[in-house]
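This briefing is intended for use beside the sequence and the three-dimensional view. Please keep both at hand while reading the points that follow.

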Amino acid sequence: MDKLIDKLIESSIIKGILFSAFDKLGPQPIYMFPEPIDEDLREKANSDNGEANKLGISLRDYTQIAIKNISLLLGDGNIFKQDFNALKKYHHFGIMPFPDFHLTSLSYFHFIDAKFSEIPLASAFCILIDEKKRSFLYDNIKRLKNVITDFFSEFDKHITEELLPQEQVARDFKKLLEKIINIEQTPSTPITTQRKMKIILSGLDNSGKTSFILSVDRKFSKLIGLKPTRGADVSSIEALGTNIFLWDLGGQRRYQEGYLDKSQIYLFEADLLFYFIDLRDEERFSESIEYLKKIRTALKNLEQNTPIIYIFSKGDPDIIDSIEMQSNIKDLKKNLTNLSSIGSPEIYVTSMFKIFSILRAFSSGIAKLSPNRNLIEQNLREFTSLTGSSLVLLLSSDGLVLAEHFTPEAMKITNMQNSEELINVFEVVAPQFTTLFKIFYKFKLSEKEEAIFRVSNSIILLKRVEIVNYELYVLFLIDEESKKDIINQHLQDFLNRTQDLLLRYIS
Ligand SMILES: Nc1nc2c(ncn2[C@@H]2O[C@H](COP(=O)(O)OP(=O)(O)OP(=O)(O)O)[C@@H](O)[C@H]2O)c(=O)[nH]1
Ligand SMILES: [Mg+2]
């Protein structure tokens, strides 16, 4: 059986699969395919030429991969304070680099109800692939997730009594491997060396699409005297170490039909679509909704599940609180909610005079492209509570929000009254964050590694940190300066745990 599995692996971009768990001895590789190779053999051949492990993976490699995965799952250990019912719901995926072995893994983390152990069994399952082919993981993440979660919902049942020996589970893992290889052979997008991300900006003419892109790219000087976009304008921005392609679909009527007729060009394989509605142009709301419906139909016909984020543009600070704007927001929200079949639509009110509102909306889009976001935020949640912070933001040097966590305290210490809508905490505290963001940009230019600011009765602590050769900013909202010590004490731990996830955020 094992030989058959080795054969499958030989002809695939998959270099190995590994199931690890936290057993009595700590994090351990439990099932390894292919079987580990002899360490000495490898040492001799020492293939240090940038190739993915041709010779195979040694037990020591597997062990290191297991340790890194399991420690990410366990965080600071507080996770076991939760009862098993809470842990049962824990199903996270992450993409992580293993540069020493030229491998990248897609890892699936979950807890297994194991009768032989007092605590639920913490497990991580990895697909290890050649790091140069890792775009395969990002591009096919949905299908991979389905295959893996389906597999374990059955497989878990076989190992609740004891961890069976590898011979007895090889057949199961072979079937799983075949399914993964099937995805490799019929990929959603051809496997390339770089992940290609396509984001569409759509909406009626004059709704602020081009201004949004320019703001994200911070070409402010060009914001004045913008002309309508003629047809589709494809640009790319560099963010988080990769190129993201932005398709700005000029919204004038004469172009609209073209995009819909040729949807297999314009909408094809879009990872994400931002739909813009000019909040001030009430007269065109219904026209905008009609256009949106057509786009949604076209996406459906392409059998694409492209997520849509709605941008209510031109919500400038001087008018946003007016009765008129508030009622426009309410009406539009209702309209979009009626359209949406699943859950409530994701909406951001933006203004080009509040750069943060734009970066925030854009970040949430990027987060949708990140398989790692949930796992990072899971770790951030623990870190936030450990340090007694009310809010923690992880920001890229471009000002994109990579992860965030809030507690109800954040509302209190920013003097916010309205606590019913905790889901929208960010909207509520947004005015504070505009100030905060100005501070962020000033701080970025300074040489300092740390800065502390007082805003009304709260304290903002900003820290500049480096992971590998990538600059990152961590922003804390705290109520007492004394919390700084505990933050400093635990920050490095948190970063060590999550840095790989941050490095592989979107590509
Ligand atoms: N007040 C205000 N004006 C904005 C804002 N965003 C864009 N505008 C203005 O709205 C106008 C249209 O903006 P564009 O970004 O060109 O709109 P567009 O959606 O690209 O339009 P098309 O290319 O024709 O589809 C410009 O005059 C912008 O200056 C905003 O947040 N507030
Ligand atoms: Mg335009």
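In which helix is Thr 63 found? Thr 63 is found in helix H3, residues 59–74. The model is predicted, so local features are given only at pLDDT of at least 70 and side-chain atom pairs count only at pLDDT 80 or more, while totals for chains, interfaces and linings use all residues. Residues are numbered from 1 along each chain as its sequence is written, and chains are lettered from A and ligands numbered from 1 in the order in which they are written.

**Overall form**

- The protein chain has 17 helices and 16 strands; helices (H or I, at least four residues) and strands (E, at least two) are DSSP runs, numbered from the N terminus.
- The protein chain is as compact as a globular protein of its length, because its radius of gyration is 24 Å, close to the 23 Å that the globule rule gives for 507 residues. The radius is taken over C-alpha atoms, and the rule is 2.2 Å times the number of residues to the power 0.38.
- The C-alpha trace spans about 70 × 60 × 45 Å along its principal axes.
- Of the 507 residues, 39% count as buried. A residue is buried if 20 or more other C-beta atoms lie within 10 Å of its own, exposed if 12 or fewer, and partly exposed in between, with C-beta atoms placed from the backbone.
- Among contacts between residues at least 6 apart in sequence, 68% join residues at least 24 apart; two residues are in contact if their C-beta atoms, placed from the backbone, lie within 7 Å.

- Seven of the seven residues of strand E6 (residues 197–203) are buried.
- Met 197, Ile 199, Leu 201 and Gly 203 point one way from E6, whereas Lys 198, Ile 200 and Ser 202 point the other way. In a regular strand the side chains alternate between the two faces of the sheet.
- E6 pairs in the parallel sense with strand E8 (residues 242–249) over five bridges, and Met 197 stands opposite Ile 244 in E8. Two strands pair if DSSP finds at least two bridges between them.
- E6 also runs parallel to strand E9 (residues 272–278), to which five bridges join it; here Leu 201 stands opposite Phe 274.

- Strand E12 (residues 391–396) is joined to E13 by five bridges, and the two run antiparallel. Leu 394 stands opposite Ala 403 in E13.
- Six of the six residues of E13 (residues 401–406) are buried.
- The hairpin has four residues between the strands, and Gly 399 takes a positive phi near 90° there.

**Nonpolar core**

- The largest nonpolar core has 122 residues, and those with the most contacts inside it include Leu 201 and Leu 400. Such a core is a set of buried Ala, Val, Leu, Ile, Met, Phe, Trp, Tyr and Cys residues joined through C-beta atoms within 7 Å.
- Apart from its neighbours within four places in sequence, Leu 400 is in contact with Ala 239, Leu 240, Leu 359, Phe 362, Ser 363, Ile 366 and Leu 395.
- In soluble globular proteins, nonpolar side chains tend to be buried together.

**Individual residues**

- Thr 63 counts as partly exposed, because it has 18 C-beta neighbours inside 10 Å. Its C-alpha atom is separated by 9.4 Å from that of Ile 30, 33 residues apart along the chain.
- A cis peptide bond joins Phe 33 and Pro 34, with omega about -5°. Pro 34 lies in the loop between E2 and H2.
- Asp 38 is found in the loop between strand E2 (26–33) and helix H2 (39–45), and is exposed, with 12 other C-beta atoms within 10 Å.
- His 102 has a positive phi of about 55° although it is not a glycine; with 20 C-beta neighbours inside 10 Å, His 102 is buried.
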